[in-house]
Amino acid sequence: MSIVSKEYHTISQIAGPLVFVEKTEPIGYQELATVTLPDGSQKRGQVLDTSDTTVVLQIFEGTTGIERSAGVKFLGETMKMPVSHDMLGRILNGAGDPIDGGPAITPEKRLDITGAAINPWARAEPKEFIQTGISSIDGMNTLVRGQKLPIFSASGLPHNNVALQIARQAKVRGTDEEFAVVFAAMGITAEEAQAFMADFERTGALKRAVVFMNLADDPAIERMITPKLALTTAEYLAFELDMHVLVILTDITNYCEALRQIGAAREEVPGRRGYPGYMYTDLATMYERAGRIKGKKGSITQIPILTMPGDDITHPIPDLTGYITEGQIVASRDLYRAGIYPPINVGASLSRLMNAGIGEGLTREDHKAISDQCYAAYAEGRDLRGLVAIVGKDALSERDKKFLEFADAFEDKFVRQGADEDRDIETTLEIAWQLVALLPENQLSRIDRKYIEKYHPAHRKSE
């Protein structure tokens, strides 16, 4: 524990957002500090690294105006987030301060933003369906309570619109338990921030949401704490107030760029493409804060959103994210160019926990079968498009023409939907059955006969 009253005037170096302080007494990792400038103003900082001779401080407001003569005080405590049920309906900046013109938040508790790792033994299996109202997610890549399911997008694609649609529409069906959304935006432009706030207020979704906004011109250091503040808030709502919380983090790529910037300022040896070698561990400390805990009613489900630099799914950010999370939703530039919203590439997407959240009593008994059939038929139809480009459509058999027709109809009727269209799971499954009815019945090899007789439109009409 450092001595709070002692002020050090031993700044040896200022590099980017970092301040190096020498000849201190023992200082704790992540301890908070204040830096007093010559004009009397103060800036907040946090210990990023500590050794016998030097302490490295990251300054939240940036190092502009700090001189070597500035005084540094260590406060003897780590950063804490003031949390309260009253946070619902509020918009905060990336440092957790209100920016919606409302009063300051009166905290019920102050929680350490690093959180506590969930003991694997205490983790409960993610289960129970979360309905997003988006067919390509609910029907084909189902989101399950307690899961972490990222969206892999790319520059220029409407991932922010998809994020807002999920924030508006997501719900746990068949329960009156409270559901909340924690929405954290990192490194967004002022225009995007205005669009986010306007959408939340227009649709009334803000009533059950806590929104954190870190703008592109805010310091990189703040970008690194924004998701931690959001997740600390989510943990309070979930595990102390028994709410089911959906956390949407956008854009993880901006967060990783901040990590790289800080690493360069510290003159660290870079890893792949200049990102720090510990980026995998750092991302895991965020993603692994999702889940369900045995004996607790609440849950945290995560949808991190990241833009793949150069549309490259092998880039370190999506690559490492895919190792940690339970699947991915992949956005398609080809579908976007074709005017299809949301442009979700069903073939490249995957929810590894889907089977835990679907079926009788959760969605519907035929869900897995109809989903598998749509996958198989769509994959075959897409392959046939390549063949048509070579030999022409007339060279196809009648069977192949049916699968080609299915692929086009699947994108147009199932994947495509309105930005404000909230489809329940029954509607999604009904559309899927209407589409498989385009195929000959003897080609429906993934569906049990009893489901065909119960749900296939041809059989229902004959009843």
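1. Basis. The model is predicted, so local features are reported only at pLDDT of at least 70 and side-chain atom pairs only at pLDDT 80 or more, while totals for chains, interfaces and linings use all residues. Numbering starts from 1 along each chain as its sequence is written, and side-chain values use heavy atoms, with hydrogens and water left out.

2. S2 runs antiparallel to strand S3 (residues 18-22), and four bridges join them. Ile11 has Val21 in S3 as its bridge partner.

3. Helix pair. Helix H10 (residues 367-391) and helix H11 (residues 398-415) have axes that come within 8 Å and cross at roughly 110°. Helices are DSSP runs of H or I, at least four residues; axes are lines fitted to C-alpha atoms over the stretch in contact, with angles from 0 to 180 degrees between N-to-C directions. H10 and H11 are therefore roughly perpendicular, a term that covers 65 to 115 degrees.

4. Helix contact. Residues of H10 in contact (heavy atoms within 4.5 Å) with H11 include Cys374, Tyr378 and Leu384, and those of H11 include Phe403, Phe406 and Phe410. By class, this contact has 10 nonpolar, one polar and seven charged residues. Ala, Val, Leu, Ile, Met, Phe, Trp, Tyr, Cys and Pro count as nonpolar, Asp, Glu, Lys and Arg as charged, and the others, Gly among them, as polar.

5. Largest pocket. A pocket is an open set of points on a 1 Å grid over the protein atoms alone, where a 1.4 Å probe fits, with protein on both sides within 12 Å along at least five of seven lines; lining residues have an atom within 4 Å of a point. The largest pocket holds about 450 Å³, the volume being the space filled by probe spheres set on points joined across faces, edges and corners. Of its 21 lining residues, Tyr29, Gln30, Met224, Lys228 and Asp282 lie nearest the centre. The lining comprises 11 nonpolar, six polar and four charged residues.

6. Second largest pocket. Its volume is about 330 Å³, and among its 20 lining residues Arg44, Met79, Lys80, Pro82 and Arg110 are the closest to the centre. Strand S4 (31-36), S5, strand S7 (71-78) and strand S8 (80-83) each supply at least two lining residues.

Conventions. Pairing = 2+ DSSP bridges. Parallel < 35°, antiparallel > 145°, perpendicular 65-115°, else oblique.
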